[in-house]
There are 2 protein chains.
Amino acid sequence: MRVSQLVEQSGVPLATVKYYLREGLLMQGEATSATRAEYGPQHLRRLVLIKALSGLGLPIPRVREILSLIDEPRGPLVETLGAALSALPPYPEAGGDHPRARAVLEKLGQSVDPDYPAVAQLEHALAAAEAVGMPLTDDRLQVYGEHIAAVARAELADMPQGSVEDAIEYAVLGTAIYEPVLAAMRRLAHQDLATKMFPEGEPE
Amino acid sequence: MRVSQLVEQSGVPLATVKYYLREGLLMQGEATSATRAEYGPQHLRRLVLIKALSGLGLPIPRVREILSLIDEPRGPLVETLGAALSALPPYPEAGGDHPRARAVLEKLGQSVDPDYPAVAQLEHALAAAEAVGMPLTDDRLQVYGEHIAAVARAELADMPQGSVEDAIEYAVLGTAIYEPVLAAMRRLAHQDLATKMFPEGEPE
């Protein structure tokens, strides 16, 4: 297809397509004349992925990281996935001992890779809860651990494994895109339950 | 206690305490001379709450909204809580029909108050998932609904109900402060499960 069709089918403006080509995020088409190039379905797919990743607020270098992992996977799939997922925000400062996160993961019997940014993310989140006087209790941790594991299992069970590209796309987009769905559902579940618990409850 | 003790015990700098006093977020102490005032535990508690809410990134007008609901609850507790929780980010644009969110809540058998910002938040999250070609399937929705409801139930069961102030503090801080804990735990559960599922998995 021509670049105009690429624009039409992806919904990405021509100037942006050209920018992605210049930046090397989108691979060049096959030149058919001095001023024309032909693009295939792999270009369209790549373009749609770049659009989706940019839409998540990822800066270009992080988009580039994910694309390069698709093009050159790094050893075992689980490592490639871990590296790709590390490109997602938030970007907590590296380093530190993460004592709270390690304690939580130990209690849950989960493996800990301290280089994985989500460990620092969990540490910060637990420290913030402590700072407002609401540390995570062991009982709460057990409830969170059990139900979050069930959510994660369902998500992983749906991961396509036909190719590394399929798996990375699903893992990166799914991790980012369902997080706000879950957050909104939690807030709405609170409201629903509170309405049932305090149908006529007057404040004291 | 004197203002210096308020500063010491809250960890809020003097200039910030004075700012909160000027803005009327912190109630005035009892004047004991032309230049001195005496503060009590209610001042300390309020100051710590303002600090926590500011720490969540809430702008001052939103902090004020929550404090005014504590001081003057609005009818039934569930309504006061709903109003206080609406002061939390994100702040999606109001209006619109929220067709995706309504369909999801109907399938889950949950009540829908379209004025509640989490409905718009869910609508945007579902639209974003659709836009990247990963709409929420009915199976996934059932898994999410079941486990998020269990999380929300445990959270509500722990809500102190001694006073409206206790309830609002817990609901607002807990909603905001445990959200990133759950998000980080989900990412770590993915990693843990992937490590178990693909122990030696090489990419194809």
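## How chains A and B meet

User: Do the copies meet through the same surface or through different ones?
Analyst: Take the interface residues of chain B: 100% of them are also interface residues in chain A. Bear in mind that this is a predicted model. Since the two lists match like that, the copies meet through the same surface.

User: And as what kind of axis are the two copies related?
Analyst: Chain B can be laid onto chain A by a rotation of 180 degrees with 0.0 Å of shift along the axis, and the RMSD comes to 0.0 Å. So the copies are related as by a two-fold rotation axis.

User: How much area is buried between chain B and chain A?
Analyst: On the contact side, 78 residues of chain B touch 78 residues of chain A. In chain B, B:M134, B:R186 and B:R187 lose the most area to chain A, together 11% of what that side buries. For the interface, carbon and sulfur atoms give 68% of the buried area, which is about 7600 Å².

User: Which element gives the most to the side of chain B that touches chain A?
Analyst: Across the interface there are 25 residue pairs in polar contact. On chain B's side, the elements giving two or more residues are α5 (77-85), α7 (117-131), α8 (138-157) and α9 (164-197). With 26 residues, the one that gives the most is α9(B).

User: How many salt bridges cross the interface of chain B and chain A?
Analyst: Over all chains, the count of salt bridges is 28. One that pairs the two chains is B:E179 with A:R187, with 3.1 Å between the closest N and O atoms. Across the interface of chain B and chain A, the number is eight.

User: A:R186 and B:E155 form a salt bridge; is B:E155 buried or exposed?
Analyst: The closest N and O atoms of A:R186 and B:E155 are 3.0 Å apart. A:R186 is in helix α9 of chain A and B:E155 in helix α8 of chain B, so the pair joins two chains. A:R186 has a relative accessibility of 3%, so it counts as buried. B:E155 is at 4%, under the 20% cut-off, so it counts as buried.

User: What about A:A125, which residues of chain B is it in contact with?
Analyst: A:A125 lies in helix α7 of chain A. At 5% relative accessibility, it counts as buried. Leaving aside neighbours within four places in sequence, A:A125 is in contact with B:I177, B:P180 and B:V181.

User: Within one chain, how many residues apart are A:R45 and A:E165?
Analyst: Their side chains meet in a salt bridge, 3.6 Å from N to O. A:R45 sits in helix α3 and A:E165 in helix α9 of chain A, so the pair links distant parts of the chain, 120 residues apart.

User: Which residues are linked with A:R45 in a network of salt bridges?
Analyst: A:R45 is partly exposed, with a relative accessibility of 30%. The network links A:R45 with A:E165, A:D166 and A:E169.

User: Which backbone oxygen lies 2.7 Å from a polar side-chain atom of B:S10?
Analyst: B:S10 is in helix α1 of chain B, and at 6% relative accessibility it counts as buried. Its side chain reaches the backbone oxygen of B:V7 at 3.5 Å. The backbone oxygen at 2.7 Å is that of B:L6.

How values were computed. Residues are numbered from 1 along each chain as its sequence is written. Chains are lettered from A and ligands numbered from 1 in the order in which they are written. This is a predicted model: local features need pLDDT of at least 70, side-chain atom pairs count only at pLDDT 80 or more; totals for chains, interfaces and linings use all residues. Side-chain values use heavy atoms; hydrogens and water are left out. Contact means heavy atoms within 4.5 Å. Buried area is the accessible area (1.4 Å probe) that two parts lose on being put together, summed over both. A salt bridge is a side-chain nitrogen of Lys or Arg within 4 Å of a carboxyl oxygen of Asp or Glu. A polar contact is a pair of N or O atoms within 3.5 Å; within protein, one must be able to donate a hydrogen and the other to accept it, and residues adjacent in sequence count only if both atoms are side-chain atoms. Helices (H or I, at least four residues) and strands (E, at least two) are DSSP runs, numbered from the N terminus. Copies are superposed by least squares on the C-alpha atoms of residues with pLDDT of at least 70 in both. Buried means under 20% relative accessible area, exposed over 50%, partly exposed in between (1.4 Å probe, protein chains only).
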